[in-house]
Amino acid sequence: MTIPQIAGLGDRLDEFFATLYPDRPPAALVARLEQVLAPHVTATTKNEELWDQSTALMITYGDSLYQANADNGPNPLQVLLAFLRERLQGVISGVHILPFFPYSSDDGFAVIDYRQVNPQLGSWQDIEAIAKEFEVMADLVINHVSSESAWFRQFLAQEKPGCDYFIEVPPDTDTQLVVRPRSSPLLSQFATTKGDRHVWTTFSRDQVDVNFANPDVLFEFIDILLGYCQHGIRFIRLDAVGFLWKKLQTACIHLRETHLVIQLIREILAVTYPRTVVITETNVPNRENLSYFGKGNEAHMIYNFSLPPLLLNALIRGEARHLKTWMKSMPPAQDGCAYFNFTASHDGIGLRPAEGLLEGKEFDQLIQTMADFGARISYRSLPNGTEKPYELNISLFDALKGTITGPDPWQRQRFLCSQAIMMSLEGVPAFYIHSFLATPNDDAKVAMTNHNRSINRHQWDYDRLQQKLADPDSDQAWVLQELTKLIRIRRRQPAFHPNATQYTLDFQSPAVFGFWRQSRDRRQSIFCLFNLGDRPTTIPVASLNLICTDDWQDLLDEVVLEEGTTDISLAPYQTAWITNVPLLH
């Protein structure tokens with residue numbers, strides 16, 4: 001069966017290739033793609049939903065958990081599976097295992113070999129074993145490769161095919177318009193067998209950008225992508241994809257060609273592995289981020305990058321103003337698309353997605369408060385040569401140890417409130433492993449690596465972690481128990497479907513944040529209410545549209561709102577899920 005016979009894809013490929021590679025005959029590129037896809041094409045596509053209210057992921061490195069002193073014991077991926085089985089079965093549906101390939105730097109994001117599993121973590125068999133029980137997300141690090149990769153070694157030797165896979169630019173080229181996510185040099189000099197060359201390195205000298213203007217590079221990554229799917233990968237995260245295509249005298253971010261490549265990837269998966277979900281990682285201002293939904297034909301999901309900084313700011317200030325402004329501006333995800341919600345990840349808390357909302361004194365106060373709580377601040381270079389804070393590097397648990405007035409006794413409750421807000425929102429929730437485990441700042445790792453992001457990339461000795469979890473008074477045991485309890489309740493509520501209706505509510509108190517969710521069949525409503533402050537507060541029942549013919553109760557404490565109830569009381573940082581269809585267990 002050829003591509004043109006399936007879903008009309010062949011009709012669109014001519015357009016894709018004519019735009020991306022105007023100097024190449026589209027028919028030849030289509031024929032080449034047919035050869036790549038032939039072993040993978042399915043005759044039919046499945047129409048069932050790609051996600052529902054039970055969909056929730058955990059984000060982790062392959063070795064965030066390890067067995068110390070176990071020469072013949074389980075490898076890190078096997079330890080991860082044991083933890084998932086023991087602690088998160090029936091809680092999360094999937095796991096994002098951050099780059100698990102051989103690498104040279106950036107904790108996996110400088111990939112040496114895309115087709116192998118890092119033997120220090122385990123093997124493809126271990127990945128497949130996890131994928132049989134939990135849906136796995138894998139990174140396609142699509143913008144750059146390691147300077148130690150076979151392709152770049154070929155470039156240095158000026159041998160095929162790698163000699164044509166990278167972007168050479170004369171050192172005196174004007175690159176002022178290029179948007180930079182880092183303060184390191186954009187161009188890096190390397191000695192090749194034919195003399196020195198300056199090549200494009202968006203993120204670091206060890207992460208060399210590949211040249212998608214060469215169709216051979218595109219076909220390499222398509223083959224890699226399909227190989228992941230063969231190993232049972234369900235979610236594909238396109239890392240740093242916004243920078244993929246380069247054109248001098250442009251910003252070299254969000255270019256039309258980049259969007260076309262994402263559309264092509266989605267089309268290819270639709271006729272090969274139709275249950276696969278494409279997620280774009282674009283840590284940029286909100287309007288730019290939303291563009292990666294396209295017209296419902298690009299990413300299935302986009303990271304909700306504005307949520308972490310706005311939620312953090314709201315909780316340390318005890319007021320919902322900016323969070324509400326942003327929520328009201330967010331469009332519902334289109335059919336076949338969803339938001340990917342998170343509050344913490346292996347990276348820091350990006351600040352660019354809060355541009356236009358957090359400014360001036362308030363922005364400076366956020367930076368200073370985080371610094372007081374142990375954060376490292378990462379900067380990026382602006383075109384005028386100045387630097388601006390780009391990212392807060394801090395454990396989220398420690399980031400919420402207090403407010404702008406300093407630490408207080410409400411750390412656990414404030415942290416749990418942050419997770420409850422995230423999982424209540426329209427979209428699919430994702431929890432960093434260190435959020436489940438209330439992991440504090442790892443200053444020792446920063447000192448060892450000299451990298452700011454290491455502060456939130458702690459590696460737990462599994463035996464020591466088990467001891468912590470066995471102690472009911474530990475932060476780790478309390479947070480894991482309370483958080484998993486919330487998720488278990490959430491995953492049964494149709495009103496928490498990723499595409500269920502959402503409407504932001506207004507309250508007189510600036511500390512009260514709330515919104516209404518309604519199931520797609522309109523049977524269940526949930527009023528999600530949160531006290532962002534460190535003092536008790538009340539919410540007038542009259543401010544909620546509680547249908548008088550229904551019975552209402554809080555899903556979390558199972559308190560029924562009796563007829564005549566005038567106020568709902570919330571303790572500091574308390575969450576209430578007021579529903580008319582209580583599916584509790």
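The secondary structure of this protein comprises 17 helices and 26 strands, as seen in a predicted model. Along the principal axes, the C-alpha trace spans about 80 × 55 × 55 Å. A compact globule of 585 residues would have a radius of gyration near 25 Å, and the value of 24 Å for the protein therefore agrees with that expectation.

Of the 585 residues, 60% count as buried. Among contacts between residues at least 6 apart in sequence, 72% join residues at least 24 apart. The accessible surface comes to about 23200 Å², and carbon and sulfur atoms account for 48% of it. As for charge, the protein carries 51 positive and 69 negative charges, whose mean positions are 2 Å apart.

A pair of aromatic rings is described by the distance of the centres and the angle of the planes. A search of the whole structure finds 32 aromatic pairs. One of them joins phenylalanine 152 and phenylalanine 155, which are stacked, at 5.2 Å centre to centre and with 20° between the planes. Both residues belong to helix α5 (residues 150-157), where they are three residues apart, about one turn of the helix.

Phenylalanine 203 and phenylalanine 243 form an edge-to-face pair, because their ring centres are 5.5 Å apart and their planes stand at 85°. Phenylalanine 203 lies in the loop between β7 (195-200) and β8 (207-209), and phenylalanine 243 in the loop between β9 (233-239) and α7 (256-272), so the pair ties together parts that are 40 residues apart in sequence. Phenylalanine 203 and phenylalanine 243 are both buried.

Finally, ring pairs link Tyr114, Trp151, Tyr165, Phe212 and Phe221 into a cluster.

Key. Residues are numbered from 1 along each chain as its sequence is written. This is a predicted model: local features need pLDDT of at least 70, side-chain atom pairs count only at pLDDT 80 or more; totals for chains, interfaces and linings use all residues. Side-chain values use heavy atoms; hydrogens and water are left out. Helices (H or I, at least four residues) and strands (E, at least two) are DSSP runs, numbered from the N terminus. The radius of gyration is taken over C-alpha atoms; the globule rule is 2.2 Å times the number of residues to the power 0.38. Buried means under 20% relative accessible area, exposed over 50%, partly exposed in between (1.4 Å probe, protein chains only). Contact means heavy atoms within 4.5 Å. Accessible areas come from the Shrake-Rupley method with a 1.4 Å probe; for residues, only the protein chains shown count as cover. Lys and Arg count as positive and Asp and Glu as negative; His and the chain ends are not counted. The place of a charge is taken as NZ of Lys, CZ of Arg, CG of Asp or CD of Glu. Rings of Phe, Tyr and Trp (its six-membered ring) pair if their centres lie within 6.5 Å; planes under 30 degrees apart count as stacked, over 60 as edge-to-face and the rest as tilted.
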